[in-house]
Amino acid sequence: MLLYRMLPPFGRNGKCVYEMKHKKQKLLLWLGILGVLLVGVFLTGSRGGGHGESIQTAMRDAVLHDVNRISLLGLKDVNPGLISAMLVTAVLLLAAALLRVLVIPRFQYVPGKLQLVLEEAVGMFDRMARSNSPHRNRFLGAYLFAAGTYIFVGTLFELFGFQAVTAGGASIALPAPLSDVNAAISLGCLSYLVILSGGAAGAGFHGVMATLKEFSLPISMSFRLFGALLSGLLVTELVYYYVQLSFLLPVVVGVLFTLLHALIQSYVLTMLTALFYGEVSEPAPKKEKKKKGRSAQA
């Protein structure tokens, strides 16, 4: 403290002046980068010269996958979403095996970072299952964790931009598995079958009939998931197609849309499954038998 008071004013403020100059240099550097990008936007034409298909064809193929198909081991041409689904499934199964063999046996009473993340993820879906289905929730918690993890990882998969060669020789980036309507319908129908099994195990015939009354549930779950993920894919495809928008904007749009869809759709589908599962699996209230006796007759 005495040494600080003995220093001259320029000595005490020298560090502050240096930090201010450093911040100004960083600010000028970023402003220069943004200026260069803006100049590139205005000097570039409206479309790139490397596109071999129109924007209508690109948008249509993102939905129907009838142009850019990938050969599956030379046996059949399939949608790129199927290849993505296989890769995501293989990665999740490999990660689960490694965690079970290498990580879980080393869990400690005081959790580390990885253990804390795993316990929080499992605990979140377990609490969701217990709060919405207090009667039968062991299998429900496991299914919610598996479905939520698959949706989250599968949606983030498109951020990596893994390339694949189509049957026609073109190069494309593999999309999210659930951006294919077949994958979305499969997951929606699987969730409906899980709800139906919970109704049959928890309430018997009454639970089965209560589930069958919601015949539109798999359709709504499937197309809600498919529409949400497809909208992000189409917006990103549109932004990448036009060169004037392809400076810095695709990074922001792609990352934000993908992260939001990964979080929101994982929560929405698992929450709907838990709510309907708990509703149909609740045991029917037992009717009280009337007491027979003189007092009852009187």
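This is a predicted model: local features need pLDDT of at least 70, side-chain atom pairs count only at pLDDT 80 or more; totals for chains, interfaces and linings use all residues.
Which residues do ring pairs link into a cluster? The cluster consists of Phe 157, Phe 160 and Phe 162.

**Aromatic pairs**

Three aromatic pairs are found when the whole structure is searched. In one of them, the ring centres of Phe 125 and Phe 145 are 5.9 Å apart and the ring planes stand at 80 degrees, so this pair is classed as edge-to-face. Phe 125 belongs to helix 6 (residues 113-132) and Phe 145 to helix 7, so the pair ties together parts that lie 20 residues apart in sequence. Phe 125 is buried, because its relative accessibility of 8% falls under 20%. Phe 145, with a relative accessibility of 31%, counts as partly exposed.

Phe 160 and Phe 162 form a stacked pair, with 5.7 Å from centre to centre and 20 degrees between the planes. Both of these residues also belong to the cluster that includes Phe 157. Phe 162 is located in the loop between helix 7 and strand 3 (163-165).

| Residue | Relative accessibility | Class |
|---|---|---|
| Phe 125 | 8% | buried |
| Phe 145 | 31% | partly exposed |
| Phe 160 | 60% | exposed |
| Phe 162 | 42% | partly exposed |

**Nonpolar surface patch**

Phe 160 and Phe 162 are also members of a nonpolar surface patch of about 460 Å², together with Leu 159, Val 255 and Leu 259. Phe 160 counts as exposed because its relative accessibility is 60%, the cut-off for that class being over 50%. Phe 162, at 42% relative accessible area, is partly exposed.

Thr 155 is part of helix 7, which spans residues 138-156. Is Thr 155 buried or exposed? Its relative accessible area is 2%, and Thr 155 is therefore buried. A polar atom of the Thr 155 side chain lies 2.6 Å from the backbone oxygen of Ile 151. Apart from neighbours within four places in sequence, Thr 155 is in contact with Ala 176, Leu 229, Thr 258, His 261 and Ala 262.

Notes. Residues are numbered from 1 along each chain as its sequence is written. Side-chain values use heavy atoms; hydrogens and water are left out. Helices (H or I, at least four residues) and strands (E, at least two) are DSSP runs, numbered from the N terminus. Buried means under 20% relative accessible area, exposed over 50%, partly exposed in between (1.4 Å probe, protein chains only). A polar contact is a pair of N or O atoms within 3.5 Å; within protein, one must be able to donate a hydrogen and the other to accept it, and residues adjacent in sequence count only if both atoms are side-chain atoms. Contact means heavy atoms within 4.5 Å. Rings of Phe, Tyr and Trp (its six-membered ring) pair if their centres lie within 6.5 Å; planes under 30 degrees apart count as stacked, over 60 as edge-to-face and the rest as tilted. Patches are made of residues with over 30% relative accessible area and no salt bridge: like charges are joined within 9 Å, nonpolar side chains (Val, Leu, Ile, Met, Phe, Trp, Tyr) within 5 Å. Accessible areas come from the Shrake-Rupley method with a 1.4 Å probe; for residues, only the protein chains shown count as cover. A salt bridge is a side-chain nitrogen of Lys or Arg within 4 Å of a carboxyl oxygen of Asp or Glu.
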